[in-house]
Amino acid sequence: MNEAIHPLAKKTVVWYLAVTSLVLILMMIFGVIMLMNQGEMIRITPQWFYKIMTAHGTGMVGIAALGGTAILWYFLSKYVKLNPAILIVNFVLFLTGVSMVLIAIFVFDFSDGWTFLFPLPAQSAKMYGAAGAVFFLSGMLVLGIGFLILYMYLAARLTAVYGGLGKALGWDIIFRGKKGYGPPAAVVATAMVIITNSTALLAGATVLAASLVNIINPAVTMDPLLAKHLTYAFGHIFANCTIYMAVIAVYEVLPEYTKRPWKANKVFLIAWNCSTLFTLMIYTHHLLMDFAVPKWMLIIGQVFSYANGLPVMVVTAYGALMIVYRSRMQWDFASSLFFLSMFGWVAGAIPAIIDATIVVNHVMHNTKWVPGHFHTYMGMGVVAMIIGFMYYFNKTEGNQEHRGIDTFTIALYFAFFMGLVGSFLYAGGISAPRRWAEHLPQWVLSDQAGAVSGIFIVLAAIIFTARFFSGLRSVGSKVPYPKKSAAS
Amino acid sequence: MYQQIAMYATVFFVFLLALAFAFVYGESKRSGEYSTIQKKGYKIRKFYFLGLIAIMAFATVMTLGRLPYNSNQAEAEGLNDAKVVQVTGIQYAWEMSEETFKAGDKVQFDVTASDVTHGFGLYNENMELVAQTQAMPGYTNTVYYTFKEPGTYQILCLEYCSAGHHVMVKEIVVEPEGGASYE
């Protein structure tokens, strides 16, 4: 199959990337403000700290999903004819939901965090009024509906073209002995994301709706532990899936640069099927300190969190290393960031796996170790993939070229991101709690190191974004995909 | 102890990872036949995969016998004669049925919450997190801890519970064994 991306979808992808890059900078600035406050470099009220924290978490996961979706759509369009209207509908609902979330936070003082725990919104509604909680919960629902529509549509398209999600995941090769290779990596990854993220969104919608009903009529309640299961079945999977969408760019682009195939062989397909299953199962590692949860479920949280590291460590990252090894590949903005993003993904998985060990979690859960892990994974993994894709898009659809400043910016971004996540992990190691507006003196130095690193990361992100927007000027609408080989 | 292990293990494995990426980057400037590279690569991958499985299996075996919520283990350690303390989290305070302890006391904290979910985090005098559990309305989570050293311990809220989350701190005093007041 060799489809061409619809011109309207291409324009919409540009909008996705533009919003992603601009919101990314804003959310990074929010992150720096929080670190500066914890580091006693500036002073904001706790109320404002927690409002910014809520915006930062929601916004970062939101744009990671938005950028990941742009990547998924762009590359899947090579293999499956897609209707751009769905991409636009998702974008409109995304912006509507984001607007509602921002109104909730900055007009009505909602500050319960993006993974709020029931019945916190109802409790906050009593103190600060119901409008904030209602706007936030409804906004998140609107966002979720947009993504759910997108996944339902993609499921229908994969079913039409490949005969079902099972076949898109290569089940006929794994279980029925069919010879040859499975569908392209973009299709396999899309099938995985459809299954896991639809489940996540349904879990999220349930807890959002229940929380809304509880605010309107407090007599209708929900079991807090069940609600927490649903919250993390949503939050963990949704955040996790951002990288499974974004990694499609790595699978698609590195073979172009290295002029080597990266095909879905049996091991590859087994790995992605394992990722599908494990991603659905391992959210319970967020509940390891809820001793009321059945012990077997918590042990699953530990064991399968370990196992979930294997597909990326043994197949995806290893595959990236193998394809680059002795390839005489051209190193430019995109190839460098995609290569480094694989490092970021695995580097983020290491402290995550360690923290999923129950005895470790007992003394590290909800310390800054946790943001240490996911900032590695998100910042040096997902965001690196999205930024790499922005450059690749401009190069492939236009004529953007790699410059010396790009090498400098990549080095700046990664060096200081290592500093940022190092400060988080160190703070977690000395038991500094996460999500605290004010810190004790012994934790302040790590916050200051994180804040300074964050300032340079923001600078790098501004340069990345400026380069993206300047490169967009060369993007034409006349040349069908792919205009030219990225490696040429 | 676990914090140190986590930090050193992370530095060690990330360093190994960085070496692998640096090596491949260095080798990327040379050329090689991909089918040969794949053949060798898949062979190495088998050992790499088995190595990872072995590390994970070792960590599992070493840790699953020490689960903090294993009441059998608590009994094995002689905690069946523990002092039972009721703990309730409420925005933004900790209510406890008992607040003064002696070094050597084996304590069973029965932790719950009366409004929203909080996190019961027990810190020792060096502000090192030594035990925790969630404080959730409608549920009681039991966590055991033996106060081996006297001093001022603190309970910090470790689950975000709204704007006063960071002030939800309670000091508890553990006196030296024998009852002399702690200074």
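These legends walk you through several close-up views of a predicted model.

Residues are numbered from 1 along each chain as its sequence is written, chains are lettered from A in the order in which they are written, and the model is predicted. Local features need pLDDT of at least 70 and side-chain atom pairs count only at pLDDT 80 or more, while totals for chains, interfaces and linings use all residues.

**View 1. The overall build of chain B.** Chain B has three helices and nine strands; helices (H or I, at least four residues) and strands (E, at least two) are DSSP runs, numbered from the N terminus. Starting at the N terminus, the order is α-α-α-β-β-β-β-β-β-β-β-β. With a radius of gyration of 24 Å, well over the 16 Å that the globule rule gives for 183 residues, chain B is more spread out than a compact globule. That radius is taken over C-alpha atoms, and the globule rule is 2.2 Å times the number of residues to the power 0.38.

**View 2. Two domains and two annotated spans in chain B.** Domain 1 covers 2-64 and domain 2 covers 71-175, with bounds from an automatic or database domain assignment. Their C-alpha centres lie 39 Å apart. An unreviewed UniProt entry places "transmembrane region" at residues 6-26 and 47-65 of chain B; such annotations may be inferred rather than shown by experiment. Residues 6-26 of chain B are 100% helix, with end C-alpha atoms 30 Å apart, and residues 47-65 of chain B are 95% helix, with ends 28 Å apart.

**View 3. Where chain B meets chain A.** Here 64 residues of chain B are in contact with 61 residues of chain A, contact meaning C-beta atoms, placed from the backbone, within 7 Å. Elements giving two or more residues to chain B's side include helix H1 (2-27), helix H2 (34-64) and strand E5 (118-123).

**View 4. Helix H4 of chain A and its neighbours.** In this helix (residues 120-128), A:Leu120, A:Pro121, A:Ala122, A:Ser124 and A:Ala125 are buried, that is, each has 20 or more other C-beta atoms, placed from the backbone, within 10 Å of its own. These buried residues pack against helix H5 (130-162) and helix H8 (185-216) of chain A. Just after H4 of chain A, A:Gly129 takes a positive phi of about 100 degrees.

Technical notes: Two residues are in contact if their C-beta atoms, placed from the backbone, lie within 7 Å. A residue is buried if 20 or more other C-beta atoms lie within 10 Å of its own, exposed if 12 or fewer, and partly exposed in between; C-beta atoms are placed from the backbone.
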